[in-house]
Amino acid sequence: MEDPREPHVLILPFPAQGHTKPMLCLAKLLASAGVRVTFLSTHHNRCSPSSSPSPLLRFVSISDGLPDDHPRSLELIGEFLLSIKTAMKARLREFLLSESAEPPLTCVIADGIMSIGIDVAEELGVLAISFRTFSACCLWTFFCVPTFIHEGKLPFPDDDLDKEFHGLPGAEGLLRRRDLPSMCRSQIESNPYRYFLDETTTMTRASALILNTFDTLEGPMLSRLTTIFANVYAIGPLHALAAESDIGHSSGRTAFVGSLRIEDRSCMTWLDSQASRSVVYVSFGSLAKITIDQLMELRHGLVDGGRPFLWVLREDAILGENEETVKSLLSELKVPSERRCVVNWAPQEEVLAHPAVGGFLSHGGWNSTLESIAAGIPMICWPHTGDQQINSRWVSEVWKIGLDMKDTCDRSTVETMVRTLMEDKNEEIMKSMARISALSSASVVSEGSSSKNLGRLIENLRKIGR
Ligand code: UDP
């Protein structure tokens, strides 16, 4: 007979790379601490590890309700979100009602934009915890957006984005309009953004909040969030916490890192041939798309920046162009292959930890930002959407660990930023990055704040039982 109070947690990520990875790290950490975990993804975004890192960790998947050939891209996100709210929710309920796992479910940890998990937890009478996979500064901003709308501060026109923005508690004097999450521009009344605002409100029905951040990085913003949630667990950087606990790692290489795409490891051999701290790593995450003009500006800027570069160009990364066109454009790069390497998808954590890498040109996605911090690699941020606008402001103006290229993508800016970051003009950035990276490492050791917060979460999961 199972102990009736043994915890059994369902983890429900939003079906996308940036959400799956940190939630998977959490799943592994909970299982290694003796908590039974069911990790539920969609068929389309299935996590299929060759073997589970723990007998307590089970992987299942259900349909998201869309046909197999649906692109599930940012351009069609409205359809995707609608299907999650309706078809996927019905399937989730069906799955959980037919579920006969022992011990029974005691808690649902739902992604902060998967409130279907909170709805179903409430129906089943089990505890719901919300895990928002982006920064505390962005989440706090999201909570303030309804007030800004009420006060008539939002939406603002897209043509005066340099105007200072006042009113975000804890960020006075810091923000311009362009630094707010991209939804605050004129699109605020469009459906996807309404969805994200509604999801933020629904999160408050959860009994606690989990964030992939750490106390010494975002303390002031975390304090503000404790005015909304009685329990806030800052347990990041989760990839570093999982590595520290040696879960799913073998021979120094992550055995199961939660990458939903196939990594091209040839770039690691290329990196081995490069001088220490010489390479610019370029990646805009799993979803962002760029235009062909932006591709060309980046290409020229990187070449003119004079440093070798490793560029992740996903086959689906260029708007309206097919893979062949992009390949042929890149083959025209007037730099020898010793100075450049282009791959579809890289083992990013390992790339950032490689001694040849000296800078990261990133979209400022939250996982990428945390991975850069953990590896101590300064950044150039070129934010695209969502939380990236606000993350990049914090990167450049609060933490001072990088440069913000926001809303600009011309070759001379790229060149200047690469030179500024990679040549010896960046002492302040290097110092700040070294300090913050050390704080990040300190947070994941056994007595560190994130380890302790995770311990608190586990203790509470055990107490709740059924
Ligand atoms: N990533 C990777 N290989 C790549 C590019 C990205 O493994 O070539 C991973 C990266 O390590 C990070 C995630 O994809 O964990 C991207 O998440 P992020 O929050 O930075 O951006 P998003 O994809 O959500 O926009």
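Helix H12 is mostly covered, with ten of its ten residues buried. A residue is buried if 20 or more other C-beta atoms lie within 10 Å of its own, exposed if 12 or fewer, and partly exposed in between, with C-beta atoms placed from the backbone. This is a predicted model: local features need pLDDT of at least 70, side-chain atom pairs count only at pLDDT 80 or more, and totals for chains, interfaces and linings use all residues. Residues are numbered from 1 along each chain as its sequence is written. Helices (H or I, at least four residues) and strands (E, at least two) are DSSP runs, numbered from the N terminus.

**Helix H12**

- The buried residues of H12 are Trp366, Asn367, Ser368, Thr369, Leu370, Glu371, Ser372, Ile373, Ala374 and Ala375.
- Gly376 follows H12 and has a positive phi, near 75°.

**Around the ligand**

- The ligand is surrounded by 19 residues. Gly18, Gly285, Gln348, Gly365 and Ser368 are the closest. A residue counts as near if its C-beta atom, placed from the backbone, lies within 6 Å of the molecule.
- Helices H1 (17–32), H11 (348–353) and H12 (366–375) are the elements that give two or more residues to this shell.
- H12 gives the most, with four residues.
- By class, the shell has six nonpolar, ten polar and three charged residues. Ala, Val, Leu, Ile, Met, Phe, Trp, Tyr, Cys and Pro count as nonpolar, Asp, Glu, Lys and Arg as charged, and the others, Gly among them, as polar.

**Confidence**

- The protein has a mean pLDDT of 91, and 94% of its residues reach 70 or more. pLDDT is the predictor's confidence in each residue, from 0 to 100.
- Residues 249–255 have a pLDDT below 50. Beyond near neighbours in sequence, this stretch has seven contacts in the model. Two residues are in contact if their C-beta atoms, placed from the backbone, lie within 7 Å.
- Where pLDDT is low, the predicted coordinates should not be read in detail.
- For the complex, the predictor gives an ipTM of 1.00 and a pTM of 0.95.

**Helices H9 and H14**

- H9 (residues 292–304) packs with H14 (residues 411–422) at an angle of about 35°, and their axes are 7 Å apart. Axes are lines fitted to C-alpha atoms, for helices over the stretch in contact, and angles run from 0 to 180 degrees between N-to-C directions.
- In H9, Glu297, Leu298, His300, Gly301, Leu302 and Asp304 meet Arg411, Thr413, Val414, Glu415 and Val418 in H14.
- This contact of H9 with H14 has four nonpolar, three polar and four charged residues.

**Backbone features**

- Most residues other than glycine have a negative phi, and most peptide bonds are trans.
- A cis peptide bond joins Leu154 and Pro155, with omega about -10°. Pro155 lies in the loop between helix H4 (136–150) and helix H5 (191–203).
- The peptide bond from Gly236 to Pro237 is also cis. Its omega is near -10°. Pro237 sits in the loop between strand S7 (232–234) and helix H7 (238–244).
- Arg277 is not a glycine, yet has a positive phi of about 55°. Its place is the loop between helix H8 (266–272) and strand S10 (279–283). Arg277 is partly exposed, with 14 other C-beta atoms within 10 Å.
- Asp407, not a glycine either, has a positive phi of about 65°. Asp407 lies in the loop between strand S15 (402–404) and H14. It counts as partly exposed, with 13 C-beta neighbours inside 10 Å.
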